[in-house]
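Biologist: I'd like to learn how to read the sheet and helix packing here. Could you walk me through it?
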Amino acid sequence: MWMFDMDDSTIKSYNKNSQEIARRYDSIDMAEMHNILLRHLPEKANILEIGGGSCRDAAFLANRGYDVTVVDASERLLKIAVTRYPELSGKIYCQALPFSQESEILTQRYEGIISIATFMHIPDQELFECAYQIKEMMNPNGILIISSSLGRKGLIKDRNDQGMLFIERPYEQLQLFFERLGFRSVATYESQDSMGREIKWFTIAMQLNAGSVTRSVDEIETIISRDRKDATYKPALLRALCDIAQSECQMVQWHADGYVTVPLGLIAEKWLLYYWPLIEPDSIDGRVHIPQKRGMEINKPIAFRNTMRRLISFYRVHGGLSSMYSDFKNRRIPKEALPLVDAALNKIANTIVAGPVTYSGGALQSNERYFGFNGKRTAKRRCTTPSSTVNHLGDVLVPIGAWREMNIIGHWVSESLLIRWAELTYLISNHTVAVKDVIEKLLITPDVEREVNFARNLYSNIENIRCVWTDKSLGGMFAVDHAIPFSIWHNNDLWNLFPASPRANTQKSDKLVSKRLLILCKDRIIHYWELMKNRADERFVVEISRSLLHDKYDPKNWQNPAFLGFIENIELLALQRGIPR
């Protein structure tokens, strides 16, 4: 039997003052509340009112064709209600929320549940059970309407002078409580007290989701925490998806079947960058220094370790990761290294599909695959440039709900994944590789200066070069500014690099340019983009297509669409991360 009961002192007070309370309740103008009920409750539905008291609202609904059941903890209030509203006879029950586990009320299902001026009487320790019981009694897509007060004066330890409990929770707290159980917010209302007291009331309307109550972000957490963890592939996949959602979401295609498709080649490119620093120590003596698979990779190394070792060994004397990635983006991979790049990306792509795409989600309730895949998982001799890799490999299917979360909070999820990845490596290595050392490796990115120098060399050959932000002549003295600061987005794309005066660059620092200034600078921004395109056509087109263009690149009309995408990225970063302008 359930051990708690609604606050006893509050129930006693309602019973003691039942005549006055009933009289007062029935004298209040409830037109505003009744309009809310009619607006949101399904027409002529079966309704449960929790804390019905004098049955004023239940009688109103019953007279409009609703099948209403009323429960309240005050026996004396309900006796008055039966006298005043005989039409509710047989539909009124004296029970307190949370209900006893033997209560017949819990066996019923309702299309709507309402609770007006009741939740502030529920102690904190009973709140979850009350909310859970309401969810269990609700039909899929059912409507929940809760009204509660704020701003009562003279409370001492949440009680008035008659000993009644009033825990006045912000509506956001109650709303979140139910959202975590599978409800979604429909509407929120605020109103003044109908009896003229200095109290405010809020009413929230919520709907129970018809499907699983698990939010997409919780499903992602389940994959991270509860799926089998034989290797670091799953955090790598989720990190890549989060990073793509933040900076290259234009590459994703939306579909009406509840999925988006993310290019496998783009994910493979991310993995190449992630795993390079972890495998690079092997190039010294051929030994696994940072294992990424259980068993210390003694008998079975991760699938792409050997192919990446060969690529890393080649670039060990040719500039390392930064040089390789610059060559890759600029189509300058040395002829003898092309087979090494192709082999590494193909092996990585096949591993992504055969591993985490296939097996993620086994811990979810459905026991079905969480991700899907369409197309080719390998494309030999085709994975040597960014565009060719993306064009010749297939697509990973990601549930739309998860993709939405990755877009909104992906930068936080990605940072969390670094820690999870490092902790898993610590366990896989039998505690021989420290978490901090792994995080240090996972934070390594291609060198900023290599791409900045490319832009600097281009701008140095322009006569009368002017600051992109101030339009002042720069002469030979200028800085290359990341329009979206590198510290925020780690983006070295050519469209993000502009000439600026040293002073403007210093003043801007890690801030974002205001929308007004972006619009004022539009012509200069596009001018420098056109210069970049003339110097590095294919690379520039690939980069703006990934990050700025909603539609496919149109050689006759790319400037304005790219500029709008530029503004969109900056405004979203400012909104989602609170970055100063």
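Modeller: Gladly! This is a predicted model, where local features need pLDDT of at least 70, side-chain atom pairs count only at pLDDT 80 or more, and totals for chains, interfaces and linings use all residues. Residues are numbered from 1 along each chain as its sequence is written, and side-chain values use heavy atoms, without hydrogens and water.

Biologist: In which sense do strand β1 and strand β2 pair, and over how many bridges?

Modeller: Strands are DSSP runs of E with at least two residues, helices runs of H or I with at least four, numbered from the N terminus. Two strands pair if DSSP finds at least two bridges between them. Here β1 (residues 46-50) and β2 (residues 67-72) are parallel, with 5 bridges. N46 sits opposite D67 in β2.

Biologist: What is the strand order of the open sheet?

Modeller: The 7 strands run β3-β2-β1-β4-β5-β7-β6, with mixed pairing. β3 (92-94) and β6 (183-192) each have a single partner strand, so one side of each lacks a neighbour in the sheet.

Biologist: And how are two packed helices described?

Modeller: By the angle between their axes and the distance between the axes. Axes are lines fitted to C-alpha atoms, for helices over the stretch in contact (heavy atoms within 4.5 Å); angles run from 0 to 180 degrees between N-to-C directions. Helix α10 (residues 264-279) and helix α14 (residues 338-359) pack at about 110°, their axes 9 Å apart. α10 and α14 are therefore roughly perpendicular (65 to 115 degrees). Contacting residues include W271 of α10 and P356 of α14.

Terms used: Angles under 35 degrees count as roughly parallel, over 145 as roughly antiparallel, 65 to 115 as roughly perpendicular and the rest as oblique.
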